[in-house]
Amino acid sequence: MDRKEEASNSKRQRKNDSGEYRKRYEAYSRLQAAAVAFGEKLAIPEIVAVGGQSDGKSSLLEALLGFRFNVREVEMGTRRPLILQMLHDPLAPDPVCRFQDEHSDQYGPPLLSPSSISDTIKSRTQSILSHTGAAVSSKPIVIRAEYAHCPNLTIIDTPGFVLKPKKGEPENTPDQILSMVKSLAAPPHRILLFLQQSSVEWCSSLWLDSIRQIDPTFKRTFIVVSKFDNRLKEFSDRSEVDRYLSAAGYLGDNTRPFFVALPKDRTLVSNDEFRNQISQVDAEVIRCLRDNVKGGFDEEKYMPFIGFSRLKDYLESQLQKRYKEAAPATLSLLEQRCSEVSAELAKMDSRIQATSDVAHLRKSAMLHTACICNHVGALIDGAADPAPEQWGKTTDEERLESCLGGWPGVAVHIKPPNGTLRLYGGAAFERVIHEFRCAAYSIECPPVSREKVANILLAHAGRGGNRGVTEAAAEIARASARSWLSPLLDSACDRLAFVLLNLFELALKRSRRQNSDFEPKTGDMDGYVGFHAALRHSYNSFIKNLAKQCKQLIQHHLDSATSPYYQVCYENDLPRSSGISSIQWNHPSYGSLSLDLSDGGSASACRNEILRDQENIPPGKVGQETTPGKVIDGKDVLRECQITIPETPSPDQPCLVKKETGNCIEIGARKCHPRIVGKSQNGGNILFGEGNNNSRAGSAYSEICSSAAQHFSRIREVLVEKSVTSALNSGFLTPCRERLVLALGLDLFAVTDEKFMDMFVAPGAIDELENERQSLQKRQKILHSCLNEFKSVALKL
Ligand SMILES: Nc1nc2c(ncn2[C@@H]2O[C@H](COP(=O)(O)OP(=O)(O)OP(=O)(O)O)[C@@H](O)[C@H]2O)c(=O)[nH]1
């Protein structure tokens, strides 16, 4: 082979090589566009330019591209990462730039003028920042530039590090930039191009440490000392310049920085002139080092690292090298992604098919319903997920949101233990029951008019009955209990229903979390608005029905407790203790609720409140913790009662209890009762004494009031302790645990297919699936074409 032949062979070889380079590069840049558009995580070798603000990153990019696109002096600097895909095209004497769509892998029309490029960068940056209100955004802008004078190279320009935010920018801007750049530079397949101005000494470099945190040994970092022209005039002799160029002691033995100067004149010149200026500056740098420095510099050692053109060649060769190395891994990753996307697409097809498959929909809907019911059960039995702090309610919130306000007929503000804690489910239910008990015990037997007493009493006297006073008192107490306790019972049912109604949302939340944590087991019902609405409606109706039934049931209990025949039972039924001391109650549910878990302050506040409003204390608490008493005019009357009422109270002492009704009286009156009756049987004016209103006047009336209060208390106790609490539990909770799934099932599924499918006329849901499917199809198509491209690239490696 003669020399001529050899030369033409090597020329052909070089041409082939550059053809291969180009093919490989094109394959990667298409893959990169797909990765950006679809959020695919593919390890594509890329260069990320990082450094402090105004250290020259964008100028270096322009120099690499071979023309100026940032013609406007952009005051804001780089605010979004800019992925610049440079494609060497010998047939493009003028640069052809296209922006990738913000939301797809498609590129827009070619932009020819540099000002339109910088304007687009600016407007895209501003549109996203005005939307987020931040100073920077990590969403990249992608530009593809084809040009005869650019290399095959992809560089990501990043916002420059800053120490302080600019005026009007959020305070955390420096941190935001740092963390954004760190995450852009973190993937190990990315090469870092770290720029630092030549005027900065390595020992005082602010950002070198940040780079070390990303790449501690600079294994994948190229270091560029920018604006080298600014430093040149400071060198006087060779040793000085060689020491500077070696950067010894700061970057490690294997890291050689590049020293680059670019034209600082930013006046608009033609692209040819711009490239001309770049070469001139390159030449000028070498000339300065040779001529202006005594003894020049160690050219053998440092020449390959000085000047822009050397950096450009180096970057291109490094990127090509990495492309070649990464190709097998990229190919296998692409194969994997292609089969994954195909599987996703098949799954999506079957989901779309399932939208018209009644049997499938019935199964999924039943599973979903059962799952919701299970979660309701779990929440009733006691659960702490979702976070009660966020999803629970305090007693005040419950009152407010249920629009039920306070307890009817109760003037005092009831503060149940744990009222300040955010509870839901079973715990909130128990708290409402307790609150109801407090409310019930705070109701006093209302005062009765003398006319009422006279009407009942005189009629009894007329019939010659000798139990007139007792009968009158009982009759009064029954009427009072009916009119005062009935609204309270209704209110309790409404409050409990409110607690249970809230559980639907929480059960949904738990079910969603469970579906996202594991493979969806309960069928994917997302988007079927009609079904979700029907399920919610059915649940609400179930709870409202329970409330209605419970109201009827406990009204029935109230009717029995206020029936004249029941009086006999409760007189024998209720446990009594001797003397004046309180009844001993043995209620496990009460015991558990008296456990106040709210923080110290609120617990003691609540206790104080309870002590202040003694009505809030049901008898159970009375026996255990404190002597019950009602504070009237600042005195604990009951305590006073206990001290002052003798074992056998004198009928002359009606004044002692004259003012009192309710609990206080109830306890004192137990002893008084037989004597009161006895007194009335002793003849005289049974109604208002001997006609002397000032001496004994009012004593019979007071006795009747007192006795009525006693009856009232007993009715209330029977009701609260014996029937209502258990009726509420069995009326609400047992059906929720045992009948809910069946009731909802009957409502939703015991219907014809046609009616059932009405719930699934969900154009929104099907559209959503169709959109997802289309985007998957697109992704599949692009990944397949990238795969094929890489297969042919790999063949020539
Ligand atoms: N003297 C001199 N000036 C330069 C050189 N390179 C860039 N400059 C000037 O430095 C200024 C900042 O340059 P940019 O390229 O915008 O810096 P940047 O790092 O991209 O800035 P941010 O994107 O805001 O972080 C511009 O005015 C450039 O003209 C150089 O080599 N020598």
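**Close-up views of a predicted model**

**View 1. C786 is a buried cysteine without a partner.** C786 has a relative accessible area of 1%, so this residue counts as buried. This model is predicted. C786 takes part in no disulfide. The nearest cysteine sulfur belongs to C338 and lies 8.2 Å away. A disulfide is a covalent bond between the sulfur atoms of two cysteines. The cut-off for a disulfide is a pair of cysteine sulfur atoms within 2.5 Å. The structure holds 0 disulfides. C705 is another buried cysteine, because its relative accessibility is 16% and the limit for buried is under 20%.

**View 2. The whole protein has 28 helices and 10 strands.** The protein has 797 residues, and 50% of them count as buried. Now take the contacts between residues at least 6 apart in sequence. Of these, 81% join residues at least 24 apart.

**View 3. Helix α7 covers residues 238-246 and has buried residues.** They are V241, D242, Y244, L245 and S246. What do the buried residues of α7 pack against? Their neighbours include two strands, β7 (221-226) and β8 (258-259). They also include the helices α6 (229-232), α8 (271-291) and α9 (299-302). Just after α7 comes A247, with a positive phi of about 50°.

**View 4. Helix α11 packs against helix α26.** Helix α11 spans residues 358-381, and α26 spans residues 740-749. Their axes are 9 Å apart, at an angle of about 150°. Angles over 145 degrees count as roughly antiparallel, and α11 and α26 are therefore roughly antiparallel to each other. The crossing of α11 past α26 is right-handed. From α11, the contact uses R362, A365, M366, T369, A370, C373 and V376. From α26, it uses L740, V741, L744, L748 and F749. By class, this contact of α11 with α26 has 10 nonpolar residues, 1 polar and 1 charged. An α-helix has 3.6 residues a turn, so residues three or four places apart point the same way.

**View 5. Helix α17 also packs against α26.** Helix α17 runs over residues 529-561. The axes of α17 and α26 are 10 Å apart, and the angle is about 130°. That angle makes α17 oblique to α26. Here too, α17 passes α26 in a right-handed crossing. Which residues make the contact? On α17 they are F531, A534, L535, S538, Y539 and F542. On α26 they are L740, A743, L744, D747, L748 and F749. The contact of α17 with α26 has 10 nonpolar, 1 polar and 1 charged residues by class.

Definitions and conventions: Residues numbered from 1 in each chain as written. Predicted model: local features only at pLDDT ≥ 70, side-chain atom pairs only at ≥ 80, totals over all residues. Heavy atoms only, no water. Axes fitted to C-alpha atoms, helices over the stretch in contact; angles between N-to-C directions. Helix = DSSP H or I, 4+ residues; strand = E, 2+ residues; numbered from the N terminus. Parallel < 35°, antiparallel > 145°, perpendicular 65-115°, else oblique. Left-handed = near helix turned anticlockwise from the far one by under 90°. Contact = heavy atoms within 4.5 Å. Nonpolar A, V, L, I, M, F, W, Y, C, P; charged D, E, K, R; others polar. Buried < 20%, exposed > 50% of the residue type's maximum accessible area, 1.4 Å probe, protein only.
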